[in-house]
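User: I would like to learn how to read sheets, helix packing and chain symmetry in a model. Please take me through them one by one.

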There are 2 protein chains.
Amino acid sequence: MEYRFSNKVSGLQASAIREILKYTVDPNVISFAAGNPAPEAFPARRIAEISDELLRDDPILALQYSITEGYGPLRDFLKGWMTEKGCFHSEFDDLIVTSGGQQANELSCKVLLNEGDTLLCESPSFIGSLNAFRSYNVNLKGIEMDDDGINLEKLEAALKEDNNVRVLYLIPNFQNPTGRTMSLAKRKAVYELACRYNFIILEDDPYGELRFAGENIPAIKSLDTEGRVIYSSTFSKLISPGFRTGFVSAPAPIIQKIIVCKQVSDVHSNIWAQVVSHRFMTTIDREAHFSRLRGIYKEKAELMCSYINSGFSDKITYIKPEGGLFIWCTLPDECDMNAFCTRAVKDYKIAVVPGNSFSIAENEKSSSFRLNYSTPTNDQIKKGMEILAAMTREILD
Amino acid sequence: MEYRFSNKVSGLQASAIREILKYTVDPNVISFAAGNPAPEAFPARRIAEISDELLRDDPILALQYSITEGYGPLRDFLKGWMTEKGCFHSEFDDLIVTSGGQQANELSCKVLLNEGDTLLCESPSFIGSLNAFRSYNVNLKGIEMDDDGINLEKLEAALKEDNNVRVLYLIPNFQNPTGRTMSLAKRKAVYELACRYNFIILEDDPYGELRFAGENIPAIKSLDTEGRVIYSSTFSKLISPGFRTGFVSAPAPIIQKIIVCKQVSDVHSNIWAQVVSHRFMTTIDREAHFSRLRGIYKEKAELMCSYINSGFSDKITYIKPEGGLFIWCTLPDECDMNAFCTRAVKDYKIAVVPGNSFSIAENEKSSSFRLNYSTPTNDQIKKGMEILAAMTREILD
């Protein structure tokens, strides 16, 4: 029979990255296309210890239904930790545990936007969030970025042109896919625009702790005096993405609506993972753990960059990351980016993600591609980057 | 500041049951208001064994990102198991693992219905699903039930009256809240109406395995020749609700859209719970495990019923359950149900759920209340039912 789907989803496609990832089932393909944390970054032994103890001593806690807001002690820990970071204002904020950062962004959109309302975001941006917004049929507009984050003039022009802008979605730290970090001056300016034009900022910060170079920059949420910033983050890159444990700190009335929407979505997040996360975060030396993670990613990022510096055609430019998981490379204008990426995976067995996967508007052109250094082993980085470098010289020089 | 929420959620309230559950934090209150599985039903030791082995031998499998469709071996097991039960048709169905049965129902709604489209359901029905449907602003219409399930004449009248009916939502086995089971004749008739009036049936079956009296009745999905039944179920009552592991068997084009919507909602369900569920279901004696669960609920149900039979005022009628978790009691017309429930919890410290919590239309009157026997201990059932029985006689006789 013929199925009729809702307008919201009828045009929705599975992530284009999945198309590229299909090639990566070929064991001969080296993939720089994923976005997974490094397996060696998982604190697997400590998780096993905590889990064993929990399931032995308190199995019902880990197995019974729980409340939508999240495991109480985990919420309390997160409120304290986020207060330290300036990302929880006890006067007006509340906090909910979500099923990963993805759910935080999806529910924020469901709660705040009607079909047709405008959501602005950086262009390019994270495809998972873009598709979440698309699944509510919002009017998605991308704003160009400079090296230090979203272009303020273009942002303000968009605000002047459209008086139905409800939300600005940003990944200020080590943005996916560009790896760019927004400067403090821009964070302040963006917050001021939010107050002036009366919109909500959705600040997505999955990689904030993974800074391995440069100085920490305060979150936009830390500037929030009026209660117009929703801050979301996740344990996916700090403990385990398989846990699906994230959280949102936001003004209490917004959290109230997110709770109601989460209740009808999955009742609550897996409670075993919440309890294990809580016990992990409160019993380890957090700074030592984060520092170990930063070390892993720094080494991988520097290794990958060294091959770009020494081996890539000079016609390719790239953004050197100070944290996060990705390197954004840009081809010269005359080069067909899609053909480049297809040839890389088909002929050279190297998978990278074509930049237009992260485009906001359909058919938007891109001459960039995204490299990921967190998932491959160092040996795969060495071998794969040598091949990719040779390919760039062959094609471009 | 003033927040503006989307039309979808601005009228959405947290489950009314939560209001009653607030009283149950008082340790003196005996609660028959929840819907949790009995803690003694959890196979806690076996789960701990499987989990220990998994986290020791294959931690990355349990901790890394996984695919949206669900853990491959679990999907394969579920396809086989559902095929045995007639609930998976390999010619046209596909299957996805969801974050509990709740997500299965929510995503089915998101995928199939536009705002304003009509969804029919039994009246009364499960509040979690109703609120999920409400969160997409669909036109929700309840159809009265008979003892053997939805009233067919009223269903057909509603179909004739409204040519925008897209989905009929049903809980055919031990319905929540009424405990009623739909007869085979009605299941056939409902499926025939679906073909004739061209709508999709969303068959929610969280309790199907928990039949402790009477004969099994084939699922509506087993009658599905045209590909118009979405069948959802969950491990919440069979292994653990804290896992948040459910699944949907449905025509492949519908599953494709559900995959895309799940991807933007939570990427995938907690993978540790998926692997543990798979290993549990494939290594235990399933029939022996289900039989143990049925024994637990049979004992509790019979215990609760014995107090109704011997102690409740004769003016209260009730539906004797053949499975599931609930007993539906109805007060005489002259009695104010809300006052009864409030008095029960405030003066007698017994929490029950007022029937209008499950109403479809706002301000719909109900003279019923729901009792749950799965969550309280046998001692709590004895003590609480004695008090409640005395109260009914005092008020009504």
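**Sheets, helices and symmetry**

Analyst: Start with one strand pair. Strand S11 (residues 326-330) of chain B and strand S14 (residues 368-372) of chain B pair in the antiparallel sense over 5 bridges. Ile327(B) stands opposite Leu371(B) in S14(B). Strands are DSSP runs of E, at least two residues, and helices are runs of H or I, at least four, numbered from the N terminus. Two strands pair if DSSP finds at least two bridges between them.

User: What should I know about the model and its numbering?

Analyst: The model is predicted: local features need pLDDT of at least 70, side-chain atom pairs count only at pLDDT 80 or more, and totals for chains, interfaces and linings use all residues. Residues are numbered from 1 along each chain as its sequence is written, chains are lettered from A and ligands numbered from 1 in the order in which they are written, and side-chain values use heavy atoms, without hydrogens and water.

User: In what order do the 4 strands of the open sheet with S10 run in chain B?

Analyst: The order is S10-S11-S14-S13, with antiparallel pairing. Strand S10 (317-319) and strand S13 (353-354) of chain B each have a single partner strand, so one side of each lacks a neighbour in the sheet. Helix H12 (residues 286-311) of chain B packs on this sheet and touches S10, S11 and S14 of chain B. Contact means heavy atoms within 4.5 Å. The direction of H12(B) makes about 15° with that of S11(B).

User: What is the strand order in the open sheet of 8 strands?

Analyst: In chain B, the order is S2-S9-S8-S7-S6-S3-S4-S5, and the pairing is mixed. Strand S2 (93-98) and strand S5 (149-150) of chain B stand at the edges. Strands S3 (residues 118-123) and S4 (residues 139-146) of chain B pair in the parallel sense over 6 bridges. Glu122(B) has Ile143(B) in S4(B) as its bridge partner.

User: How do I read two packed helices?

Analyst: Use their axes: lines fitted to C-alpha atoms, for helices over the stretch in contact, with angles from 0 to 180 degrees between N-to-C directions. The axes of H5 (residues 72-84) and H11 (residues 271-283) of chain A come within 9 Å and cross at roughly 45°. H5(A) and H11(A) are therefore oblique (under 35 degrees is roughly parallel, over 145 roughly antiparallel, 65 to 115 roughly perpendicular, the rest oblique). Residues making the contact include Phe77(A) and Trp81(A) of H5(A) and His278(A) and Met281(A) of H11(A).

User: How are chains A and B related?

Analyst: Copies are superposed by least squares on C-alpha atoms of residues with pLDDT of at least 70 in both. Chain A can be laid on chain B with an RMSD of 0.0 Å by a turn of 180° and a shift of 0.0 Å along the axis. The two copies are thus related as by a two-fold rotation axis.
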